[in-house]
Amino acid sequence: EMLTGVTYTKNNKTEIVGFKSRKFPKDFSSPKGYTGHLADLIGYKKAKSQKRVLVITEGEVDFASAHQMYQMDMESKGRKYELPSVVSTLNGINSLLKSFRDSNEMFNFFKQYEKVVLAVDNDEVGNKYVEEFIEAMPRETLYRANLRYKDANDYLVRGAIHEWVSDTYWNATPCSVASIVGSG
């Protein structure tokens, strides 16, 4: 069982408002307190002081997997790049847009980054909600990771750490790029 503390931040004041319980593989039927879409994203408290790159994943396991892979990549290769901030949706991909649209705190958090990378599950449901998110949010800093595997945890299980970093940090596609066709 995995227990996630749920916080809510307003006017820079954060308080614990609930707990989300996950019984493996995917039973989330026992939350305590408030665990709705207005709660902070997983990893928000640590990430909110960063300014450059934000990577958004889908769920607690993907959050932990992504964070671990960035650390492992930097240590194994002796690479020098700023570790991105990693956060995750609290209630699945369908809460992604609501979390940012309905909370000024989360919207301002999104806006502080130079680059925001959507690295959520590469499946039909994930793609549907990512498209919805891209249409509704400011796109100047928004990027989409081109995942070759299902999600962050799948990369970790396969040992594809450097591929994760490449797909999410270095090779994500800007969402602001318009399709421009030459006159020839």
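## Terms and overall form

A residue is called buried when its relative accessible area is under 20%, exposed when that area is over 50%, and partly exposed in between. By this rule Lys150 is partly exposed, because its relative accessible area is 36%. The model described here is a predicted one.

The protein has seven helices and eight strands. Its radius of gyration is 16 Å, which agrees with the value near 16 Å that a compact globule of 184 residues would have. Along the principal axes, the C-alpha atoms fill a box of roughly 60 × 35 × 30 Å. Of the contacts between residues at least 6 apart in sequence, 68% join residues at least 24 apart.

## Surface and charge

Buried residues account for 45% of the 184 residues. The accessible surface is about 9700 Å², and carbon and sulfur atoms contribute 50% of it.

The protein carries 25 positive and 24 negative side chains. The centres of these two sets are 4 Å apart.

## Helix H7

Helix H7 covers residues 161–170 and is mostly covered, with seven of its 10 residues buried. Which residues of H7 are buried? They are Ile161, Trp164, Val165, Ser166, Asp167, Thr168 and Tyr169.

## Salt bridges between parts of the chain

The whole structure contains 11 salt bridges. One of them joins Lys111 and Glu140, whose closest N and O atoms are 3.7 Å apart. Lys111 belongs to helix H4 (residues 104–111), while Glu140 sits in the loop between helix H5 (124–136) and strand E7 (142–144), so this pair ties together parts that are 29 residues apart in sequence. Lys111 is partly exposed, with a relative accessible area of 43%, whereas Glu140 counts as exposed at 56%.

Another salt bridge is formed by Arg144 and Glu131, with their closest N and O atoms 2.9 Å apart. This pair links distant parts of the chain, since Arg144 is in strand E7 and Glu131 is in helix H5, 13 residues apart. Arg144 is buried, because its relative accessible area of 18% falls under the 20% limit. Glu131 is partly exposed at 39%.

Asp123 lies in the loop between strand E6 (115–118) and H5, and Lys150 in the loop between E7 and helix H6 (152–158), so the two tie together parts that are 27 residues apart in sequence. Asp123 is partly exposed, with a relative accessible area of 27%.

## Asp62, a buried charge without a salt bridge

Asp62 is found in helix H2, which spans residues 60–77. Is Asp62 buried or exposed? Asp62 is buried, and it has no salt bridge. The nearest side chain of opposite charge is that of Lys150, 6.2 Å away.

Leaving out residues up to four places away in sequence, Asp62 touches Thr57, Asp121, Asp151, Ala152 and Asn153.

Note on methods
Residues numbered from 1 in each chain as written. Predicted model: local features only at pLDDT ≥ 70, side-chain atom pairs only at ≥ 80, totals over all residues. Heavy atoms only, no water. Helix = DSSP H or I, 4+ residues; strand = E, 2+ residues; numbered from the N terminus. Buried < 20%, exposed > 50% of the residue type's maximum accessible area, 1.4 Å probe, protein only. Lys, Arg positive; Asp, Glu negative; His and termini not counted. Salt bridge = Lys/Arg side-chain N within 4 Å of Asp/Glu carboxyl O. Contact = heavy atoms within 4.5 Å. Rg over C-alpha atoms; globule rule 2.2 N^0.38 Å. Areas by Shrake-Rupley, 256 points an atom, 1.4 Å probe, with all protein chains shown as cover. Charge placed at Lys NZ, Arg CZ, Asp CG, Glu CD.
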